[in-house]
Amino acid sequence: MRLRWGRSDMPSRDYRAPLDGVPRYTRWEQVPKGWYTRTQLARMDPPRKPGPDAKPRGQVLYHGNSYAPLYALDDTVTKRPVSPAQRAALDRARELQRVCRLCDGCETDEYGDPVPLGKGRVCGPCERVRRNYVLHLDSREFARVLREGLRAGTAVLAAVDNPARPQRLVMTGSALRLDVRLPSPNDPPPSGSPAAREKQAQETFASITRRLAGAGLPTDGMLTVICWQDAALIRRNLAGAFHLPQPSGWLAEHTWYSLDVWYGRWYAAPAKGVLDPLRFSHDWGVNPTDVGGDLADRVHALGLALDAMADDHPDTVSPGAPWITRPAAISDLHAQQRSR
Ligand SMILES: [Zn+2]
């Protein structure tokens with residue numbers, strides 16, 4: 001939302017603080033004869049203005065809180081008259097400042113008058129669209145880095161049946177298909193003792209580590225693990241399931257990534273279907289990996305989501321994404337993208 005000043009409480013546009021070192025007059029009748037403000041000079045016939053080196057001789061209070069500099073008539077020169085062509089050009093320039101260079105739209109104040117748009121000449125809605133588009137591009141970049149890791153054999157896709165209490169783990173990589181049932185506290189222990197159960201859990205961890213190594217994947221903290229959500233939670237609870245005193249080996253480092261928020265930014269579905277760019281917020285509930293069915297299907301869907309982000313075909317994002325509903329806002333960025 002943009003805050004706007006009501007007209008009555010708008011600070012005077014030409015407010016001027018008092019100058020130092022010259023006399024101040026609080027009433028017009030105090031101003032010495034032959035001294036004039038810029039406004040008074042401009043209204044003379046022919047119009048005048050302070051000369052190039054003119055210094056104010058004094059200042060007079062106006063609008064109750066501003067001081068206007070006063071110039072001696074001797075320090076002023078005749079203003080060169082503005083030709084009709086120059087006037088038209090100036091009017092056009094002023095008008096242009098109020099037209100968005102991207103969508104040709106205007107922002108208006110509460111009276112319907114177009115307001116100046118500032119330096120970049122981009123309107124508020126276009127600005128918001130561009131910010132969301134930048135998030136989209138960041139997410140695409142993130143997905144490309146992750147996919148590069150998958151292809152280079154330094155990353156895997158992973159999912160568990162239940163992040164809070166994982167009992168099954170699926171991991172896939174370029175040369176890996178791993179589907180492991182994890183030891184559960186409810187399992188009948190092979191020999192009945194907690195120590196035996198712990199040993200069995202740690203053996204499962206060691207066998208997964210061997211499988212990773214066999215597929216040429218790093219088994220230390222250099223392994224990148226891509227989950228849909230709750231990567232930190234899954235990592236912690238897996239360590240618990242394996243009875244590891246602390247996460248170690250391929251569970252050791254924070255190279256576990258959750259894709260869900262990145263996907264949400266990339267896909268950019270509008271929350272509650274609100275298309276107005278100024279009120280747009282991301283719908284974080286979008287989940288292409290929520291395919292039901294088997295855990296292996298979910299991991300497969302995770303890979304497809306990553307591919308979609310990295311390949312970034314325009315038709316694969318939400319039809320309500322801000323830059324889709326308002327393409328003009330990124331028209332100049334698009335040109336740069338395509339030329340890459
Ligand atoms: Zn615009």
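1. The buried residues of α7 pack against α3 (124–152), β7 (155–160), β8 (168–173), β10 (224–227) and α6 (260–267). Here a residue is buried if 20 or more other C-beta atoms lie within 10 Å of its own, exposed if 12 or fewer, and partly exposed in between, with C-beta atoms placed from the backbone. Contact requires that the C-beta atoms of two residues, placed from the backbone, lie within 7 Å. Helices (H or I, at least four residues) and strands (E, at least two) are DSSP runs numbered from the N terminus.

2. The model is predicted: local features need pLDDT of at least 70, side-chain atom pairs count only at pLDDT 80 or more, and totals for chains, interfaces and linings use all residues. Residue numbers start from 1 along each chain as its sequence is written.

3. Helix α7 comprises 17 residues, 295–311, and reaches 24 Å from its first C-alpha to its last, close to the 24 Å expected at 1.5 Å a residue. The expected span is 1.5 Å times one less than the number of residues. The buried positions in α7 are Arg298, Val299, Leu302, Ala305, Leu306 and Met309. They lie on the same side of α7, because they cover an arc of only 110° around the axis; the arc is that of the directions from the helix axis to the C-beta atoms. Just after α7, Asp312 has a positive phi of about 55°.

4. For α3, 29 residues at 1.5 Å a residue should span 42 Å, and the end C-alpha atoms are 42 Å apart, which agrees.

5. A nonpolar core is a set of buried Ala, Val, Leu, Ile, Met, Phe, Trp, Tyr and Cys residues joined through C-beta atoms within 7 Å. The largest has 53 residues, and those with the most contacts inside it are Ala158, Ile226, Cys227, Leu259 and Leu302. Two or more residues each are given to this core by α3, β7, β8, α4 (194–214), β10, α5 (231–241), α6 and α7. Its largest share, 7 residues, comes from α3. At least three residues are drawn from each of domain 2 (83–122) and domain 3 (124–340). Leaving aside neighbours within four places in sequence, Ile226 contacts Leu146, Ala155, Leu157, Ala158, Tyr257, Leu259, Leu302 and Leu306. A second, separate core of 6 residues includes Val60, Tyr67, Ala68 and Tyr71.

6. The open sheet of 4 strands has the order β1-β4-β5-β2 and mixed pairing. The edge strands are β1 (24–25) and β2 (35–36); each has a single partner strand, so one side of each is left without a neighbour in the sheet. Strands count as paired if DSSP finds at least two bridges between them.

7. Strand β1 pairs with β4 (residues 58–62) in the parallel sense over 2 bridges, and Val60 in β4 is the bridge partner of Tyr25. The pairing of β4 with β5 is antiparallel over 5 bridges, with Leu61 opposite Tyr67 in β5. These two strands form a hairpin with 3 residues between them, and His63 in the turn has a positive phi of about 55°. Strands β2 and β5 are antiparallel over 2 bridges, with Trp35 opposite Ala72 in β5. Strand β5 (residues 66–72) is largely enclosed by the rest of the structure, because 5 of its 7 residues are buried.

8. The domain assignment, taken from an automatic or database source, gives domain 1 (24–78), domain 2 (83–122) and domain 3 (124–340). The C-alpha centres of domain 1 and domain 3 are 69 Å apart.
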